Amino acid sequence: MLYIKCPYCGLRAQKEFSYGGDATVKRPNINEEVPSEDWDNFVYMRKSPRGKHIELWQHIAGCRQWIKVQRDTATHEIFQTAKVTEEIR
Amino acid sequence: MSQPFRLNKEGLINRNKKISFTFNGKKLFGYEGDTIASALIANGIHLVGRSFKYHRPRGFFGAGVEEPNAKLQVEFNGHSEPNVNATEMELVEGLSATSQNCWPSVNFDVGAINNFLKMFFPAGFYYKTFMWPKSFWYKIYEPFIRKAAGLGVASIEKDKERYEHKFEYCDLLVTGSGPSGLASAYAAAKNGAKVILAEDKPRFGGTLLTDDVSIDNLSGKDWAEKIITELKSMPNVTVKNRSQVFGYYDHNMLVMFERVSDHLEKKSKFTPRQRLWYIRAKETILSTGSIERPIVFGNNDTPGIFLSAAAKEYMKVYGVLVGKKPLIFTNNDSAYETALEFKKNNVEPIILDTREEHSSELIDEAKSKGIDIRFSHGVIVANGYKKVKSAKIGKLNKDKNSFEKIETIDCDCICVSGFWTPSVHLASQSGNKLKYEEKIDAFIPDKKKQHETSVGAANGSFTLEESLKHGFENGSNLSAKITETKTEISIPNVNEKKYGAHDKFWCMPLPKNENPKRFVDFQNDVSVSDIEIALREGYRSIEHVKRYTTLGMATDQGRTSNLNGLQLVSNIENKIVPEVGHTTFRPPFTPITIGTIVGREVGMEYMPTRKTPMHEWHEKNNAVFVDAGAWKRPRYYKQGSENLFEASKREAKNVRENVGICDVTTLGKIDIKGPDAAEFLNRVYTNAWMKLPVGKARYGLMLREDGIVMDDGTTTRISENHYHMTTTTAQAANVLSHLEYYLQIVWPELNVNVVSTTEQWAGAAIAGPKSRDMLSKLYPDLDVSNDALPFMGYKEAEFFGVPSRIFRISFSGELAYEINVKSDHGMFMWEKMMEVGKEFGNQPYGTEALSTLRIEMGHVAGPELDGRTIPSDVSLNGLVSKKKDFIGKNSLGREAFNVESRQKIVGLIPIDRKSSIPEGSHIVQDQNAKLPNPKLGHVSSSCWSVENNNPFSLAIMKDGKNMIGKKFFAVSPLKNKSIEVEVISSHYVDPEGKRVRS
Ligand SMILES: [Zn+2]
């Protein structure tokens, strides 16, 4: 079971969190015309890297904040966690 | 009754307490502190089971977790457990043990005929024998394999025992209380670290209990006791015996299995049987020691053949002799200690040493005591069927592959030592890539992967001095980093015997024309020739060889067989062992009970139960409940001998004719506040929200970004910047996360807060033509007329003195209201409604009637919003704004969503107006068409229309709207039904929606 450092609550067990996918995907702006290829990329296309991956988790059984986690998808090593407003290098 | 193999004084057992037990029906006794194994050996019993494949007689081989043979069916404390390791299970009064895998008895076993038919059971026999014909599988092959493969028998009784889970955090977890473990724990404890020391066995000390050493002028055993006593007195230390750390998981999470009370005769009602510990450790010391490996020779599985260290442990810990005429067969010095222990107990051993004549401290001592030592010697084959009687031994030539001399000598046991294998299982589980250490012919941990530090024998250090030094150093350094204090500890003076070099010898050759079975893996009956066959047939990867031969795949995980298997493969393949590699180590290290894994999560505690504040009333009034997620909802209220169909029909009819009330507390409720709340809702929902006035509710539809409908519900504007959103029961949690996602990540500039208030409000729906009359009695001072409180209106008012919210919304299609009060007032509200509603014919209705009402109105719910439908599929495109943007809008333009033949919601009625249509039925043109019959759609919801008194269903059908008036078949192969149906509008009752506005 992973041990995830919530930037608000500290280290907590994985079972308090739910996974939210790739954190680097940016939703096209609302009320703006979006080329359909961009939209399709946003909705459907995801990379599945082996190695470092910046992803979203939500601390559902805690502070309910969405957070960013940089994790190695092969080893589960977590390098860094951050608030969603913060950048991960 | 005497115990012929019990020594007079030796051992750590309590001779003042006799314990009686039975083995295969025979009454026997042992002492407190015995294992089943030590007590049986004391009684001269060695034949305990039959082997897995060939049903060969098997006896004890080890004295602990390494035991491959002695797995028994054991009954104690009222339960029966299979595959119990007799070398680990402590004796308790009244215990009854029986042999497994033998019929009719261990002494006469029919299956042993397999032993004479062994040519039929070569490597891969499962794969080869049971290939063809396919039809033989169910009736012939599978029952045969199951019978042959059977070990013990799992109990079918309910397990009455209590099991617990515990979560723990510590600075340092030490796994194993041998010298290096004790030293690590002690040093860390002195630095003020929070330490957990886990020992698998009942007694602490590991090899200190059996080795002839002294530390600071104390015997090993006394030193261990001194350290343990001090550790126990320290508040920062938890010391646990009978506790096996069996798994090393991600982020330094280790899991431990504690046998809390299996060894106790009496225990309190609340004492668990076993406990599972989840331990998050900052650092881990792996002081798991090593396991002696055997040397392979002919008939090496005969009862009476032991690992040499096990024979010593039986003498030193249990005061038991494994035999009185021992042969010691070794390639190293450690077995000399066993020989010396025999000698001390007046038993004359003969040592067969594969090494050429040489000298070392132990050899010299054995010589000086007059022990018969034969160098360049080894056991070729053991004689005896149910017990060793003699051994054919040979003097090896220099090449160690042929014999100078062969003779047979009498013996009643053979104690074998092929050197030591570090227990690297936990290190490997943590992700550590192991490395091969030439010096000891075994794998040891390599670079740290997580926070695992292996010390002592587990790291390949086989001297006490080195083990203690590494233990103290690592315990101190690792903990000092955490506690930032370092207490100096002087490393104690050690007195131990120096071992000479071992012989890299692991398998005895055979003389020409002799071909006895030579087992590598006892538990799975894998012999040298099985591995040879696998390689001959082209298996190369060690993982493949393992699966083909089943080498190391039994419950002992090949603890005594893995390395010899690797040696064999490397010899035949002419590769060095590190090139062959090792198989993967996986948790659990030892088998653990299912009860422990489950813990307290059984029965009612399996998952949380959510009950509404009115639950007790429903119970008292014969509600039959249905699970809605964790919620319990009344499905119907049974009157007299009614069944589900009759009751729900009555309840639904009463809503259509009079008035009914329904507990709707379970609906998800989300409180939305902030100056940008309207803008937020406008983006979340497909319809327009900017102009909703205060005091009004609106029905809303939300999509996922891919255009699929996510959820629906009403949202009410309570005040300028305050909204109350409702969701379906099933989607409540997902919708909240969805809203939080957009507020926190996508549009953080919106000043809005959301919070779940599902638990805070109790809700009741009042529905039916008489609901306004009833409402006016509930709120005598309030104007509830159609003008004052119109459809989708909202009011706040006191309900008999308690604050309440009134929403004029409808799920049933009737004139209806929903009242919310604080949860604490829920029961009060409900009882008042029942009392006041009497004169209007009010009856409570459950989810089944609720479904009927919404289905015949054509109101979609979960079965239609199944994650595959877009708004136009379910006739909700009227709610999709063309003017504004919202979540998922861009996806609605996708080509496939807009083709003419796109699926649409329709209604179905059976042509005979009688046959109800099973949910999930497929709609087909021709019920007799050749398969695969093209599917035109599926039935999503079915009910008995109370309005029209015939069955009615909703269906999602290709090109649905153009099918109206046509006839099809709804077929359900599952229910073996085919019903001719006519397609009609999905709005079967009140299609104009007049009633809700009346
Ligand atoms: Zn948190």
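A crossing of two helices is left-handed if the near helix is turned anticlockwise from the far one by less than a right angle, and right-handed if clockwise. I start with that because I looked up a helix pair first, and α5(B) passes α11(B) in a right-handed crossing.

**Ground rules.** I note that this is a predicted model, where local features need pLDDT of at least 70 and side-chain atom pairs count only at pLDDT 80 or more, while totals for chains, interfaces and linings use all residues. Residues are numbered from 1 along each chain as its sequence is written, chains are lettered from A and ligands numbered from 1 in the order in which they are written, and side-chain values use heavy atoms, with hydrogens and water left out. Helices (H or I, at least four residues) and strands (E, at least two) are DSSP runs, numbered from the N terminus.

**The helix pair in chain B.** I find α5 (residues 179-190) packed with α11 (residues 464-483), both of chain B, at an angle of about 30°, their axes 7 Å apart. Axes are lines fitted to C-alpha atoms, for helices over the stretch in contact, and angles run from 0 to 180 degrees between N-to-C directions. α5(B) and α11(B) are therefore roughly parallel to each other (under 35 degrees counts as that). For contact I take heavy atoms within 4.5 Å. On the α5(B) side I list B:Ser180, B:Ala183 and B:Tyr186 among the contact residues, and on the α11(B) side B:Leu468, B:Gly471 and B:Phe472 are among them. By class, this contact of α5(B) with α11(B) has eight nonpolar, seven polar and no charged residues. The classes: Ala, Val, Leu, Ile, Met, Phe, Trp, Tyr, Cys and Pro are nonpolar, Asp, Glu, Lys and Arg charged, and the others, Gly among them, polar.

**Strand β37(B).** Next I checked β37 (residues 709-719) of chain B: 10 of its 11 residues are buried, so the strand is largely enclosed by the rest of the structure. Buried means under 20% relative accessible area (1.4 Å probe, protein chains only). Two strands pair if DSSP finds at least two bridges between them. I see β36 (residues 697-703) of chain B joined to β37(B) by seven bridges, running antiparallel, with B:Leu701 opposite B:Asp712. The hairpin of β36(B) and β37(B) has five residues between the strands, and there B:Gly707 takes a positive phi near 90°. On to β38 (residues 722-727) of chain B: four bridges join it to β37(B), again antiparallel, and B:Arg717 has B:Tyr723 as its bridge partner. That hairpin, β37(B) to β38(B), goes through two residues.

**A parallel sheet in chain B.** I read the strand order of this open sheet as β17-β24-β18-β19-β20, five strands with parallel pairing. β17 (305-307) and β20 (372-375) stand at the edges with a single partner strand each, so one side of each is left without a neighbour in the sheet. Helix α7 (residues 308-318) of chain B lies across β17 and β24 (413-417), running at about 90° to β17(B).

**An antiparallel sheet in chain A.** Here I get four strands in an open sheet, ordered β3-β4-β5-β6, with antiparallel pairing. Neighbouring strands of this sheet are turned by 30° against each other on average, direction ignored. Helix α20 (residues 732-746) of chain B packs on the sheet, touching β4 (52-58) and β5 of chain A, and its direction makes about 85° with that of β5(A).

Methods: Angles under 35 degrees count as roughly parallel, over 145 as roughly antiparallel, 65 to 115 as roughly perpendicular and the rest as oblique. Buried means under 20% relative accessible area, exposed over 50%, partly exposed in between (1.4 Å probe, protein chains only).
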